[in-house]
Amino acid sequence: MTSPQTATGSYSPAQIGTQVLIGWSGEHPERGHDVAFLLTYSLGDGPDGPETGSAALRAALGRAGLRVGGGVLDASEHPSLPVKLLVQAGQAVLTLPHFTAQYPAPPEWVAAALSTGQVYGMFATRPWPEAVAGRPVSEDRLRAFAASPETVSTAAHCLMPVRSLG
């Protein structure tokens, strides 16, 4: 068995494999208003396997200034953080140094994002191979993965300010 190349912080984006972006909105239990959420995760299908992919993703997130396994980072307090979210015309575009993805956001998600001016981002390092892009994911399956202590404790969490054109 070989150790992942990412142990020293070096990685190739291919090692991460396919990354997926999924969103939802709902009432925040402590704040009493709707919050927009975005979750990124890997399918674990990188050429060197899911363990190396997870290590590569941790390295990529660390290089982007996100704390894996730490508290929630408020990107509005760190303007140089290279995590950007653009919400425009029913689309959300998330950009990180190693990843750019577009989420076709439903009206209720856009309303929640615009009303609070921020989106809660969770960057999972735990692979989720069952949730393939383009295939529907049930609320129960999403909740089970996103709320799993194993997923939550090994993810980076970030409040991202909503930006728009114009």
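**Salt bridges and their exposure**

1. Asp140 is exposed, its relative accessible area being 56%. In this predicted model, the side chain of Asp140 forms a salt bridge with that of Arg143, with an N to O distance of 3.2 Å. The two residues lie three apart in helix 4, about one turn of the helix.

2. Arg143 also pairs with Glu139, and here the closest N and O atoms are 3.7 Å apart. Glu139 and Arg143 are four residues apart in helix 4, which places about one helical turn between them. Glu139 is exposed, at 61% relative accessible area, whereas Arg143 counts as partly exposed, at 47%.

3. Taken together, Glu139, Asp140 and Arg143 are linked in a network of salt bridges. Arg143 takes part in the contact with Asp140 and in the contact with Glu139.

4. The structure holds three salt bridges. One of them joins the side chains of Glu150 and Arg126, at 3.7 Å from N to O. Glu150 belongs to helix 5 (residues 149-153), while Arg126 sits in the loop between strand 7 (118-124) and helix 4 (139-146); the pair therefore ties together parts that are 24 residues apart in sequence.

5. As to the exposure of this last pair, Glu150 is partly exposed, with a relative accessible area of 49%. Arg126 is likewise partly exposed, with a value of 25%. Arg126 does not count as buried, because that class requires a relative accessible area under 20%.

Definitions and conventions
Residues are numbered from 1 along each chain as its sequence is written. This is a predicted model: local features need pLDDT of at least 70, side-chain atom pairs count only at pLDDT 80 or more; totals for chains, interfaces and linings use all residues. Side-chain values use heavy atoms; hydrogens and water are left out. A salt bridge is a side-chain nitrogen of Lys or Arg within 4 Å of a carboxyl oxygen of Asp or Glu. Buried means under 20% relative accessible area, exposed over 50%, partly exposed in between (1.4 Å probe, protein chains only).
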